[in-house]
Amino acid sequence: MKISDLRFACLLGHEKPKKLLREAAANNKLGHAYLFRGPDGVGKKRTALTLAAFLNCVSPGNSDSCGRCPSCRRYFSGNHPDLLLVEPEGAAIKIGQVRKLKEQLAFAPMEARMRVIILEDIHTMRREAANSLLKTLEEPAPGNLLILTADLAGDILPTILSRCQVIPFGPLDPEEMAAVLMQEHGLEKTAALSLAAVSEGSLGRALFLHQAELLPLRQEVVEELLIAERPQAEAVSAVFRLSDKGAALKENIGEFLALLRLFYRDLVLVAVAGTETPVVNRDMASSLAAAAERWPLAELHKRLRRLDLAEKQLQRNCSRSLVLETLFFDLL
Ligand SMILES: [Zn+2]
């Protein structure tokens, strides 16, 4: 992680949460437990780390960390002794992890003014583990700040919710995301804009799609989908070629199907509201217009249901190649 990474000035988007936290910190009005709630990959954890660095910076200025003092350096390198991270072990944060955390909190912080404890993906926590955390959440010892993160979809126990100040995090702006993808990850402009567009405001998702190289295959599949007339033998060979490539994605197939779903969802939008309507796949505007003319709405819904079926089959551990072959046979 770069030295400049954990300053508010370097944090992408989320103006409201940033303002609220900086002002509360400056006026000594921070709560003792926050819940950062929003989509995956938009920067909730990074915001928590940034706040931790700021609260312990030796010479802060402009409501931000200096980025140079020994404390900042330790946070930026990711190994400050008073930064405690608790993330799900396997599918969830377990009661054993909460017990261990409570033991750690029985001791005073080693050097930080404010020890920050980040509990990630709290929506994965079961009741037993959550109950074990309640007392700590309600009344942490002075000098401790708890920051919980959770996505939007998961349910959070009311007992947890009622003990935290909830700060909502929204999706990031695609233009800003594209700029980061270009500057920090060396992507060229077209690729950065496409990735930002289909990632629905999640920088984490954009980076994942980039690393897994899912966009080129999406492009190829959509181009094949748009070929209206061709000899059957050609269509069959296309089905097998695409299925092989798709099956090679292994555990990322689900993400790939989600991209295809976005394409059809955009088509439904265009079919209903016309070509001027804002779509997710902005890099494919011309294909969308052509495709929307081709398939009536009922046919698009049928195709979306076909994708549902493929996703269910994958969840039931059916053969990946077989699921994709039958899917592409139906779609092409
Ligand atoms: Zn500093």
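The model contains 5 aromatic pairs, counted where ring centres of Phe, Tyr and Trp (its six-membered ring) lie within 6.5 Å; planes under 30 degrees apart make a pair stacked, over 60 edge-to-face, and the rest tilted. One of them joins Phe240 and Phe329 in an edge-to-face arrangement, 6.1 Å from centre to centre and with 90° between the planes. This pair ties together distant parts of the chain, with Phe240 in helix 11 (residues 232-247) and Phe329 in helix 15 (residues 320-331), 89 residues apart. Helices here are DSSP runs (H or I, at least four residues), numbered from the N terminus. Phe240 is partly exposed at 37% relative accessible area, and Phe329, at 42%, counts as partly exposed too. On this scale, buried means under 20% relative accessible area, exposed means over 50%, and partly exposed is in between (1.4 Å probe, protein chains only).

Another pair brings Tyr264 up against Trp295, this time tilted, at 6.4 Å centre to centre with 55° between the planes. Here too the pair links distant parts of the chain: Tyr264 belongs to helix 12, while Trp295 sits in the loop between helix 13 (285-294) and helix 14 (297-315), 31 residues apart. Tyr264 is buried, with 0% relative accessibility, and Trp295 counts as buried at 6%. Together with Phe263, these two residues make up one aromatic cluster.

A word on the basis of these values: this is a predicted model, in which local features need pLDDT of at least 70 and side-chain atom pairs count only at pLDDT 80 or more, while totals for chains, interfaces and linings use all residues. Residues are numbered from 1 along each chain as its sequence is written, and side-chain values use heavy atoms, with hydrogens and water left out.

Next comes the metal site. The zinc ion is held by the SG atoms of Cys57, Cys66, Cys69 and Cys72, at 2.2 to 2.3 Å; donors are N, O and S atoms within 2.8 Å of the metal (3.2 Å for Na, K and Ca), and sites may look incomplete because water is not among the atoms. Angles among the 4 donor atoms run from 102 to 121°, making the site tetrahedral, a label given to four donors if all angles lie between 85 and 135 degrees. Along the chain, the donors follow the spacing C-x8-C-x2-C-x2-C. Cys69 and Cys72 are buried.

Helix 9 (residues 203-211) has Leu203, Arg205, Ala206 and Leu209 among its buried residues. They span an arc of only 160° around the axis, so they lie on the same side of helix 9; the arc is that of the directions from the helix axis to the C-beta atoms. The cover over the buried residues of helix 9 includes helix 7 (174-185), helix 8 (189-198), helix 10 (214-225) and helix 12 (253-273). Just past helix 9, Glu213 adopts a positive phi of about 50°.

Finally, Thr136 is found in helix 5 (residues 127-138) and is buried at 12% relative accessibility. Apart from its neighbours within four places in sequence, Thr136 is in contact with Lys102, Leu105 and Leu146.

Note on methods: Tetrahedral: all angles 85-135°; square planar, octahedral: opposite > 155°, others 65-115°. Helix = DSSP H or I, 4+ residues; strand = E, 2+ residues; numbered from the N terminus. Contact = heavy atoms within 4.5 Å.
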